[in-house]
Amino acid sequence: MKVHILDDWFDTLRGLPSFKRLDGHEVTVWTDHESDVDRLAERHADAEVLVLFRERTPITAELLAKLPKLRLIAQRSSYPHVDVAACTRHGVVLCSDMAEGKPSVAAAELTLALMLAAARDLPRQMESLKSGHWQAGVGLSLTGRQLGLIGYGRIGQLVAKYARALDMNVWWWGSEQGRARAEADGEVVAPSREAFFAQSDVVSLHVRLNAATRGMITTQDLAMMPKHGIFVNTSRAGLVAPGALEAALEGDSPGRIAIDVFDHEPFHDTGSVLLTDPRVIATPHIGFVTQDELEHQFADIYAQVNAFDAGAPINVINPEAVS
């Protein structure tokens, strides 16, 4: 089959062992990002399979209508960027391994790194040293601090494990069902949403983005955090209400923000307060971008391509499209 891989910005995938799983297919790897629908349709006109690099390119009804040869979209994890109903109308099968029981170690590690970087104000300390100065302030120790985790899922639980190695105190918030699961496992759940934000030294967000969770973190939530507090988001930018981070910076609560995700990616607005304010530590959505994680994820994706080619598709999201 003619397989097109989108948005492999650093041309990484061809160098990973898993790429051999596509032997026998005609594979094209695109190493740039294209957002124009007409240009996307032109470059992928012959594609029978689109392999998506997470949510970097939205698959809209308009684009699908311009790709008559497309038969399969293969990806991993959640798919808010894919118009599933339009896929079904056009007979395009969407296969996505939802990674049940497979937490992203890379995302959890980055979360811990951002917590530590924010607590010790590492970017500003490094810049001070490189500019010929010495220390640039006083940081915080995380030992003994209260870590509030939102979302009792696999990544959140892994972050909790890492945090406890630093002797942090962990408690939880999230959906009613998530809080119930946490309590059933013997975890500490905050007595209220207000107490959770007001008494957490660090709040870290680990929730999937969908219609129910979009904008779940509000300006009021962040304003309740202590002025020395740290808010971390390595999940999805849309989980935070529009303007809430900017308002938090204006109100100086919490005092540090560490983010790996943006509303529009790639994010190039160098004038944005999210990139200019020294209280913000920002990374360019690298939570899952390690060689180990990509090898693991794309081995799963290629397995979906081969299963479809063999006539036995797996991890099908829209089974109506198979026939």
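This is a predicted model: local features need pLDDT of at least 70, side-chain atom pairs count only at pLDDT 80 or more; totals for chains, interfaces and linings use all residues.
1. A word on the background for the points below. Most residues other than glycine have a negative phi, and most peptide bonds are trans.

2. Asp167 is worth a look. Its phi is positive, about 65 degrees, although Asp167 is not a glycine. Is Asp167 buried or exposed? Its relative accessible area is 52%, and since exposed means over 50%, Asp167 counts as exposed.

3. Asn315 also goes on the list: not a glycine, yet with a positive phi of about 55 degrees. You'll find Asn315 in the segment after helix H12 (291-309). With a relative accessibility of 34%, Asn315 is partly exposed.

4. Now the cis peptide bonds. One joins Ser253 and Pro254, with omega at about 0 degrees. Where does Pro254 lie? Pro254 is in the loop between helix H10 (244-251) and strand E10 (256-259).

5. Glu265 to Pro266 is another one to check: the peptide bond is cis, and omega is near -5 degrees. Pro266 belongs to the loop between E10 and helix H11 (273-276). So when you step through the model, E10 is a handy landmark, because Pro254 is in the loop between H10 and E10 and Pro266 is in the loop between E10 and H11.

Technical notes
Residues are numbered from 1 along each chain as its sequence is written. Side-chain values use heavy atoms; hydrogens and water are left out. Helices (H or I, at least four residues) and strands (E, at least two) are DSSP runs, numbered from the N terminus. Buried means under 20% relative accessible area, exposed over 50%, partly exposed in between (1.4 Å probe, protein chains only).
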